[in-house]
Amino acid sequence: VDITVWRFEAKGPEGSAPLELQGHQAPVSELAFHPRKAVLASGGGDASVLLWEPRRGRKPLRYAFARDVVSQVAWSPDGASFAAGDASGHVTCWRGADVGAP
């Protein structure tokens, strides 16, 4: 299952090719961009939580797994921590070096 990302620079996405990020094994249920960096978090029906830096490539930077289908992903306002909630009601948080681009 792919995530499709278009660049909205200059004249926008018209005439440009999208970037397809590949990593989830089931439909993507949640997306959230880092508040200060070009890092995208995604959560999926396969219980995976993936962090991407679309400018650097099509493969995830980091990954983790929730206990169930990911139902919510969110960054803290300063981008220093990240949380994912799943369908079973569990919330997992990451902070510091575990979050964002290397």
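**Exercise 1. Two aromatic residues**

Task: In this predicted model, are Trp75 and Phe82 buried or exposed, and how are their rings arranged?

Solution: Let's start with the surroundings. Trp75 is buried, and Phe82 is buried as well. Next, count the ring pairs: the structure has three aromatic pairs. One of them joins Trp75 and Phe82, with 4.9 Å from centre to centre and 55° between the planes. Now classify this pair. Planes under 30 degrees apart would be stacked and over 60 edge-to-face, so the rest are tilted. With its 55°, the pair of Trp75 and Phe82 is tilted.

**Exercise 2. A covered strand**

Task: How many residues of strand S4 are buried, and which of them point one way from S4?

Solution: Find residues 40-44, which make up S4. Five of its five residues are buried, and the strand is mostly covered. Now follow the side directions. Leu40, Ser42 and Gly44 point one way, while Ala41 and Gly43 point the other way. Both groups are buried.

**Exercise 3. The neighbours of S4**

Task: Which strands pair with S4, and how many residues lie between the strands of each hairpin?

Solution: Take strand S3 to begin with, residues 28-33. S3 pairs with S4 in the antiparallel sense, over five bridges. Across this pairing, Phe33 stands opposite Leu40 of S4. The two strands form a hairpin, and six residues lie between S3 and S4.

Then turn to strand S5, residues 48-52. S4 and S5 also run antiparallel, and four bridges join them. Here Ser42 has Leu50 of S5 as its bridge partner. S4 and S5 make a hairpin too, with three residues between them. Within that turn, Ala47 has a positive phi of about 70°.

**Exercise 4. A salt bridge**

Task: How many salt bridges does the structure hold, which side chains meet in a salt bridge, and is Glu53 buried or exposed?

Solution: The count is one salt bridge. Its partners are the side chains of Glu53 and Arg56, at 3.5 Å from N to O. Check that value against the cut-off: a side-chain nitrogen of Lys or Arg has to be within 4 Å of a carboxyl oxygen of Asp or Glu. Now compare the two ends. Glu53 has a relative accessible area of 14%, so Glu53 is buried. Arg56 has a relative accessible area of 61%, so Arg56 is exposed.

Conventions
Residues numbered from 1 in each chain as written. Predicted model: local features only at pLDDT ≥ 70, side-chain atom pairs only at ≥ 80, totals over all residues. Heavy atoms only, no water. Phe/Tyr/Trp six-rings, centres within 6.5 Å; stacked < 30°, edge-to-face > 60°. Buried < 20%, exposed > 50% of the residue type's maximum accessible area, 1.4 Å probe, protein only. Pairing = 2+ DSSP bridges.
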